[in-house]
Each structure stands twice: as C-alpha cells, then as structure tokens.
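Let's take a walk through this protein together, going from the overall layout to the details. Keep the structure open beside you as you read.

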Amino acid sequence: MSRAFLPFPPTPDRDSQPWWDALAAGELRLQRCSACGALRWPARAICNRCRSFEAAWEKQDGAGTVASWVRTHQAFSPALREAVPYVVVQVRLDAQEDLLLIGGWLVEREPVSGEAVALEIVEGADGYALPCWRPVESVA
Ligand SMILES: [Zn+2]
C-alpha cells in the first residue's frame, strides 16, 4: 500500500465498518445481497433492489472504467490545505455496471471518461485507507 490522501479519519458506522476494515487490510470488499445477488455500495442494511436484509461481504478487484471525475482546488477543511489540488474519480465497476465507487486518482494527468482503471488501496490517517485508481496503461 502506498501512502497518500485521507488526512483525517472517516467516521465508520454499523454498516460501513466492514468497508473501512477491509480497506485497512488492503482489500476492497463490497456487500453482495444474499437474495438477489446485487452488489451494494455504500453499505446499507437493506437491498435497494429486493428489500432483503441479508448480505455478505465479498472481495472485489476494483477493475472498472472512469464514469466521472472532479478536480478540487479549494481546501474545504484545513486538513486538506496541503492536498489541493486533487482529483476524485467516480469508477463504474466491471463487476456490476450500475455500481459507481468514488476514490482518489493516482496519476498527474486528468482522467478520461470511459478509460479502463485499476484499483490501488492507499493508506491514510490513523490506519484507515482509501480506494484509489490509476489508468490500466500506467500499471506496470
Ligand atoms: Zn437484493
């Protein structure tokens, strides 16, 4: 895991704690509904497709394509003063077309909508970590 981003820790709740725990362990895990099989993100108690309360956490490779992105130039928190400008990317996972995740962008150039990206978990503050992506072309 490389180190960057997330200068302050998140505030996990009952549903999101397994997400943060998996990232801290260097894995991307998503809830998969035990009834209909849909992946869920963000984590929640009930499936928005079939209303089931049953789900299991499943490891994912995070491969996908860029759906959208934004470059932030203003530090909305003093903790981000050293981080700006930075890019937040929205990735459409190959594992489920309607599943969009957000995270960091690891290369200098701006993302291109639709380009293939690979996941890299990046260490942050207080033992937490964030999902980040880089273009597949830059993966050695
Ligand atoms: Zn379901």
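What percentage of the 140 residues in the protein do buried residues make up? The answer is 24%. Please keep in mind that this is a predicted model, and that every value here is computed from it.

The protein has 1 helix and 9 strands. Reading from the N terminus, the order of elements is β-α-β-β-β-β-β-β-β-β. For 140 residues the globule rule gives a radius of gyration of 14 Å, and the value for this protein is 15 Å, so it is as compact as a globular protein of that length. If you draw a box along the principal axes, the C-alpha atoms fill roughly 45 × 30 × 25 Å. Contacts across the sequence are part of the picture too: among contacts with a separation of 6 or more, 56% come from residues 24 or more positions apart.

Now turn to a sheet you can trace by eye. It is an open sheet of 3 strands in the order β3-β2-β4, with antiparallel pairing. At its edges lie β3 and β4, each of which pairs on one side only. Helix α1, residues 17-24, packs on this sheet and touches β2 and β4, its direction making about 145° with that of β2.

Let's look at the pairings in turn. Strand β2, which covers residues 28-33, pairs with β4 through 6 bridges in the antiparallel sense. Along this pairing, Arg32 sits opposite Ala56, and Cys33 has Ala55 as its bridge partner. Between β2 and β3 there are 2 bridges, and these strands also run antiparallel. Here you will find Gln31 opposite Arg40. The two strands β2 and β3 make a hairpin with 5 residues between them, and in its turn Gly37 has a positive phi of about 85°.

Which residues of α1 are buried? They are Trp19, Ala22 and Leu23. Viewed down the axis of α1, the buried residues fall within an arc of 100°, so they line one face of the helix. The partners of the buried residues of α1 are β2, β4, β8 and β9. After α1 comes Gly26, which has a positive phi near 85°.

The largest nonpolar core has 18 residues, and Leu23, Val91, Ile121 and Trp133 touch the most other members. Two or more residues each come from α1, β6, β7 (100-105), β8 (116-123) and β9 (129-135). The element that gives the most to this core is β8, with 4 residues. As a general matter, nonpolar side chains in soluble globular proteins tend to be buried together.

Asp61 and Ala118 are 57 residues apart in sequence, yet their C-alpha atoms are 8.1 Å apart in space. Asp61 lies in the loop between β4 and β5. Is Asp61 buried or exposed? Asp61 counts as exposed, because there are 12 C-beta neighbours inside 10 Å, and the cut-off for exposed is 12 or fewer.

Finally, have a look at some backbone details in the loops. The peptide bond from Trp41 to Pro42 is cis, with omega near -5°, and Pro42 is found in the loop between β3 (39-40) and β4 (55-60). That loop between β3 and β4 also holds Arg51. Arg51 is not a glycine, but its phi is positive, near 70°. With 10 C-beta neighbours inside 10 Å, Arg51 counts as exposed. Another cis peptide bond runs from Val84 to Pro85, with omega near -10°. You can find Pro85 in the loop between β5 (64-72) and β6 (86-93).

How values were computed:
Residues numbered from 1 in each chain as written. Predicted model: local features only at pLDDT ≥ 70, side-chain atom pairs only at ≥ 80, totals over all residues. Buried ≥ 20, exposed ≤ 12 C-beta atoms within 10 Å, placed from the backbone. Pairing = 2+ DSSP bridges. Contact = placed C-beta atoms within 7 Å. Axes fitted to C-alpha atoms, helices over the stretch in contact; angles between N-to-C directions. Rg over C-alpha atoms; globule rule 2.2 N^0.38 Å. Core = buried A, V, L, I, M, F, W, Y, C linked by C-beta atoms within 7 Å. Arc of directions from axis to C-beta.
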